[in-house]
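The paragraphs below lead a new reader through one protein structure, a step at a time. Please keep the sequence and the model in view while reading.

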Amino acid sequence: MSTPTFDVVVVGGGIVGLATAHAVARTGRSVVVVEREPQLARHQTGNNSNVIHSGLYYAPGGYKARLAVAGCAETVAFCREHDLPHEVTGKLVVATDPEELPRMAELKRRGDANGVENHELDQAGMREHEPHVRGIAALYVPSTGITDYRAIAEKIGELVAKEGGEIHLNRAVTGIARRADDVVVRTETGDLLGKQVVVCAGLRCDEVARAAGADPGVRIIPFRGEYSGFSDRAAELVKGLIYPVPTRRSRSWACTPRAASTGTCTQARTRCSRWPVRATPGAW
Ligand SMILES: Cc1cc2nc3c(=O)[nH]c(=O)nc-3n(C[C@H](O)[C@H](O)[C@H](O)COP(=O)(O)OP(=O)(O)OC[C@H]3O[C@@H](n4cnc5c(N)ncnc54)[C@H](O)[C@@H]3O)c2cc1C
């Protein structure tokens, strides 16, 4: 039997691999997504904080700033189009100490330069949004929201298949070898050939780079993180996203309502005030 051949082989079925495959499939080229897990989006994509970030934090002019601002609007549009759970809740970045005010002013400057609507609030203003928050000042960013990235990834997977792309689950890539005209992608269940290979292996990208004979010069060392859920009673105290002013190490906690992983868009909207709320260490 001949080796299955594709224009593009994408390694990794997280949101980046799936979005890449979708972009390829839409041009009419053949594409396969090769994913080691039995389902899509089981790593970062399906376990993140589900925040639709506004692009407030990033240095103006860079790719991160431009892509985050565009991606915020596109994510909301994609959820609306496909009836996926989401809500644009807005976000409050709260300063609790005068020392944080210069960093908050810098955030405002970046937000303005990136075209992210934001408003400075005093104590009364911040309580209009979050009556139980205590702080000395806040920035309110209306465009930040929440969604369910696992549901988004699964939907993109459906679209890839609809456009003729293939998705191979339970198939770990063990090696990649370049040849003159194509690339051999070795997997536990046989080889695939691609004219091009795009590796989107998330926190295993260093491993895959080594398996391709490259020296990435870095090693990713994962560490365990925790989400803490609020009780139903405590969840009533939080309406939207609440973040601290970030520091270089971002040690404090962020509060995020969580989208129901199965609701339709309408259910998501009506259920939002009752979505479980959780706190996340750091500012993701
Ligand atoms: C704790 C945390 C919270 C976050 N919160 C947010 C947030 O709220 N909002 C936001 O926008 N972003 C957030 N992010 C960032 C976001 O989740 C990631 O940028 C995004 O999910 C990365 O997607 P990915 O496809 O690159 O990686 P992943 O989702 O990790 O996917 C990589 C895939 O590659 C597969 N793979 C790896 N090795 C192989 C192999 N050898 N063969 C085959 N398949 C392989 C894996 O199984 C996995 O499915 C957060 C990240 C973290 C860690």
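A residue is taken to be near a molecule if its C-beta atom, placed from the backbone, lies within 6 Å of it. The model is a predicted one, and there are 30 residues around its ligand, of which G12, G14, H43, N48 and G202 come nearest. By class, this shell is made up of 12 nonpolar, 13 polar and 5 charged residues, and the element that gives the most to it is α1, with 3 residues.

Among the contacts between residues at least 6 apart in sequence, 70% join residues that are at least 24 apart.

At the β10 end, β10 and strand β11 (residues 183-187) pair in the antiparallel sense over 5 bridges, and A177 has V184 in β11 as its bridge partner.

The interior can be followed next. In soluble globular proteins, nonpolar side chains tend to be buried together. In this model the largest nonpolar core has 35 residues, and the members that touch the most others are V9, V10, V11 and V34. At least two residues of this core are supplied by each of β1 (5-11), α1 (15-25), β2 (31-34), α5 (149-162), β10 (173-178), β12 (190-199) and α6 (205-211), and the largest share, 6 residues, comes from α5. V11 shows how such a member is surrounded: leaving aside its neighbours within four places in sequence, V11 is in contact with G17, V34, V173, V197, V199, C200, A201 and V208. Apart from this core lies another, of 28 residues, which includes Y140, V141, Y243 and V245.

Y140 lies in strand β7 (residues 137-141), and Y140 counts as buried because 21 other C-beta atoms lie within 10 Å, where 20 or more are needed. Not counting residues up to four places away in sequence, Y140 touches G90, L92, N118, H119, L121 and H129. Y140 and E120 are 20 residues apart in sequence, yet their C-alpha atoms are 6.4 Å apart in space.

In β7, 5 of the 5 residues are buried, so the strand is largely enclosed by the rest of the structure. In a regular strand the side chains alternate between the two faces of the sheet. Both faces of β7 are covered, with A137, L139 and V141 buried on one side and A138 and Y140 buried on the other. Strand β5 (residues 91-95) runs antiparallel to β7 and is joined to it by 5 bridges, with V93 standing opposite L139. Strand β6 (residues 119-121) also pairs with β7 in the antiparallel sense, over 3 bridges, and here E120 stands opposite L139.

One further sheet remains to be pointed out. In it, 3 strands form an open sheet in the order β3-β8-β4, with antiparallel pairing, and its edge strands are β3 (51-52) and β4 (86-87), each pairing on one side only. Between β4 and strand β8 (residues 145-147) the antiparallel pairing extends over 2 bridges, and the bridge partner of H86 in β8 is T147.

Methods:
Residues are numbered from 1 along each chain as its sequence is written. This is a predicted model: local features need pLDDT of at least 70, side-chain atom pairs count only at pLDDT 80 or more; totals for chains, interfaces and linings use all residues. A nonpolar core is a set of buried Ala, Val, Leu, Ile, Met, Phe, Trp, Tyr and Cys residues joined through C-beta atoms within 7 Å. A residue is buried if 20 or more other C-beta atoms lie within 10 Å of its own, exposed if 12 or fewer, and partly exposed in between; C-beta atoms are placed from the backbone. Helices (H or I, at least four residues) and strands (E, at least two) are DSSP runs, numbered from the N terminus. Two residues are in contact if their C-beta atoms, placed from the backbone, lie within 7 Å. Two strands pair if DSSP finds at least two bridges between them. Ala, Val, Leu, Ile, Met, Phe, Trp, Tyr, Cys and Pro count as nonpolar, Asp, Glu, Lys and Arg as charged, and the others, Gly among them, as polar.
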